[in-house]
Amino acid sequence: MVRAPHESGSTGRAASGTPAPRRGPGVGTAARSPGRGLEPQQAAGVLIALVCLVALGSLVYRVFGVAVAFPAVWASAFLLGALTLVFGYWLLRRIRPVRAPGTAASLAAVAWGLFAVTALALTANEALDAVLAKTMGPQAADTWGAAVSGPLDEELLKLAGVVLVAVAFPHAIRGPVDGFVFGALTGLGFQVTENFFMAVQEVTSSGGLGGVNLVVQSSAMRVLLTGMGTHWALSAVAGTAVGLMVAAGRRPPPRTIAAALLLVVLAMGMHASINLPFLQGSAVVVKALVNFVLAMALYFVLRRAHLRRLRGALEEAGAEHGWEREASLALATRRGRRRALREVPAADRAALRGEQDRLVNAAESRAMGKGAREAVPGAA
């Protein structure tokens, strides 16, 4: 997060008879309470919107003076951040197996990272840094503070956003792989805003020297080199914990709770490693690479488990309705669904696409309900 310059890199039933997605009793369920004000789903959505709006106002207030004094610096940092955001948003939604997550939930996760986490973390980090300076001494706090306040404040704030998205959009996060993707989207938003502030801070701390060139250099370092293993990866790991808890229901077994806590602690540890006063400068790339490997290893475990369960659910549905096995399994991939659409007349494609969506949604619900907890060893 922005701090002293010492911090490093920082349905009903489907037409075919397949059961519709069930409303799990976990974190992502909005309990019905007629006549008692906002339901949890609505309240979470309103909270996300309000906090993001207030945070946006706070951030605009913070950068207004810089934007007036250094318009070219502000504009270049904004443009580079926007490009990073667009590409990252497309890529992270694309890595979700089978199909991309919902647009509304995805945008809410990104907005929470862009605005809410940034504004809240600025205040939280300043407060915790002040406490550390009094307890550890100014010099020790300057050296070690980022490795303490960053993991605590920023990771918990990002994790809170994933939980709010799970409540506000009950069918968005139904298992670990969803938690991974929405955690990554939340981290992406925060990473983009942090990169913006850090680039502008480098220019202002140098008295305006370097200008746009310094912004480009800072952005290249934080996106192309350290960006592979910072906030998006950290939040993806922590967000997986939310997916585990949602899949487990109202009474998750102790091993699931332990696995979720371990994932959150791992994300904090990965964050702390980036901020520790070792392997600084260009060597921070090594730490970012380690974080990237850890996040991707988790992703492939989750992806494999998700696809295995989904294919099993599709086979069951196909057997129930007399489908050929290959036709059932083809629904598990984007390419298979597109190929099936090409094989029918154009007039029938809209109806078939809707049927595909219903079947895949039902199969994913069935798959996650049966075995999402197995995605992480020891979480069952």
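From the N terminus on, the elements of the protein chain read α-α-α-α-α-α-α-α-α-α-α-α. That comes to twelve helices and zero strands, where helices (H or I, at least four residues) and strands (E, at least two) are DSSP runs, numbered from the N terminus. What you are looking at is a predicted model, in which local features need pLDDT of at least 70, side-chain atom pairs count only at pLDDT 80 or more, and totals for chains, interfaces and linings use all residues. Residues are numbered from 1 along each chain as its sequence is written, and side-chain values use heavy atoms, with hydrogens and water left out.

How much of the chain is tucked away? Of its 380 residues, 50% count as buried. Buried means under 20% relative accessible area, exposed means over 50%, and partly exposed is in between (1.4 Å probe, protein chains only).

Let's start with two loop residues. Phe70 sits in the loop between helix H1 (40-69) and helix H2 (71-94). With a relative accessible area of 26%, Phe70 is partly exposed. Val200 is 130 residues away from Phe70 along the chain, yet their C-alpha atoms are separated by 9.0 Å. Further on, Val98 lies in the loop between H2 and helix H3 (103-136). Val98 has a relative accessible area of 3%, so this residue is buried. Its backbone is worth a look too: Val98 has a positive phi of about 80° although it is not a glycine. Most residues other than glycine have a negative phi.

Next comes helix H3, which holds Gly113. Gly113 counts as buried because its relative accessibility is 0%. Setting aside neighbours within four places in sequence, Gly113 is in contact with Thr118, Thr186, Gly189, Phe190 and Thr193; contact means heavy atoms within 4.5 Å. Between Gly113 and Glu194, 81 residues apart along the chain, the C-alpha separation is 9.8 Å.

Now follow the chain into helix H4 (residues 138-168), whose 31 residues should span 45 Å at 1.5 Å a residue. The expected span is 1.5 Å times one less than the number of residues. The end C-alpha atoms of H4 are 42 Å apart, which agrees. Still, H4 bends by about 60° at Trp144, the bend being the angle between axes fitted to the seven residues ending there and the seven starting there.

Gly179 lies in helix H5 and, with a relative accessible area of 0%, is buried. Leaving out neighbours within four places in sequence, Gly179 touches Ile173, Ala236, Gly239, Thr240 and Gly243.

Which helix does H5 pack against? Helix H5 (residues 176-205) packs with helix H6 (residues 211-225) at an angle of about 140°, their axes 9 Å apart. The contact involves Gln191, Glu194, Asn195, Met198, Ala199, Glu202 and Val203 of H5, and Gly211, Leu214, Val215, Ser218, Ser219, Arg222 and Val223 of H6. Those residues divide into six nonpolar, five polar and three charged. Here Ala, Val, Leu, Ile, Met, Phe, Trp, Tyr, Cys and Pro count as nonpolar, Asp, Glu, Lys and Arg as charged, and the others, Gly among them, as polar.

Our last stop is His271 in helix H8 (residues 254-275). His271 counts as buried because its relative accessibility is 2%. Apart from neighbours within four places in sequence, His271 is in contact with Gly150, Pro151, Glu154, Glu155, His231 and Leu234.

Technical notes: Axes fitted to C-alpha atoms, helices over the stretch in contact; angles between N-to-C directions.
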